[in-house]
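Have it open while you read, as I keep jumping between sequence and structure.

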Amino acid sequence: MHISLDQFEGDWQLARIIEDRRNDIEGRLSGTANFTRVGPLELLYAEEGELVYGQQAAMLATRRYIWRGFEGEHAGKIAVEFEDGRPFHLIELDRLMPDDDHHCDPDFYHVSYDFSRWPQWESIWRVVGPSKDYRMISRFQRV
């Protein structure tokens, strides 16, 4: 199976669980993720959903990233960037379960993707640092 950047374009249902180990709290987000073409090899990722975190009142949560594809020898890879263009992490689409790291001193982020049940897929983030210790599981399903 070969997945390309283009196959992400469109609307996805998003379900997320946040396991906050430091504070012994669970969070849940239910919403949507949309990939919109903004260039030949570029998609804008925008998510929006209702986040319930522990006993707090539900709130609106949003995120935006740029997913940038490559041509030539780096085809099959996606550079995920923050909306302002700073690098975040890399997705290697030639693997069904790619992973990568991101350092944001003093915190460490590790992501694992699972595309083995495409077009359903998930990302699992493990985040540790002096004031962070959580796992975040996001599941995506085509709308």
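The points below go from the overall layout to single side chains.

1. Ground rules. This is a predicted model, so to speak: local features need pLDDT of at least 70, side-chain atom pairs count only at pLDDT 80 or more, and totals for chains, interfaces and linings use all residues. Residues are numbered from 1 along each chain as its sequence is written, and side-chain values use heavy atoms, with hydrogens and water left out.

2. The annotated stretch. UniProt, in an unreviewed entry, lists residues 8-142 as "domain: DUF6314"; positions follow the numbering used here, the feature name is shortened, and such annotations may be inferred rather than shown by experiment. Over that stretch the chain is 70% strand and 0% helix, with the end C-alpha atoms 9 Å apart. Helices (H or I, at least four residues) and strands (E, at least two) are DSSP runs, numbered from the N terminus.

3. The core. The largest nonpolar core has 33 residues, and strand 3 (residues 42-53) gives the most to it, with four. A core here is a set of buried Ala, Val, Leu, Ile, Met, Phe, Trp, Tyr and Cys residues joined through side-chain atoms within 4.5 Å. Buried means under 20% relative accessible area, exposed over 50%, and partly exposed in between (1.4 Å probe, protein chains only). Phe8, Trp67, Phe115 and Trp121 have the most contacts inside this core.

4. Phe8 and its rings. Beyond its neighbours within four places in sequence, Phe8 is in contact (heavy atoms within 4.5 Å) with residues including Leu43, Trp67, Phe115, Trp121 and Arg142. Phe8 and Trp12 are both buried, and their rings form a tilted pair, 6.5 Å centre to centre with 40° between the planes. Rings of Phe, Tyr and Trp (its six-membered ring) pair if their centres lie within 6.5 Å; planes under 30 degrees apart are stacked, over 60 edge-to-face, and the rest tilted. The rings of Phe8 and Phe35 are tilted too, at 5.6 Å and 45°. Phe8 lies before strand 1 and Phe35 in strand 2 (residues 25-39), so this pair ties together parts that are 27 residues apart in sequence.

5. Arg16. Buried or exposed? Arg16 is buried, at 6% relative accessible area, and lies in strand 1 (residues 10-20). Its side chain makes a 2.6 Å polar contact with that of Glu47. A polar contact is a pair of N or O atoms within 3.5 Å; within protein, one must be able to donate a hydrogen and the other to accept it, and residues adjacent in sequence count only if both atoms are side-chain atoms.
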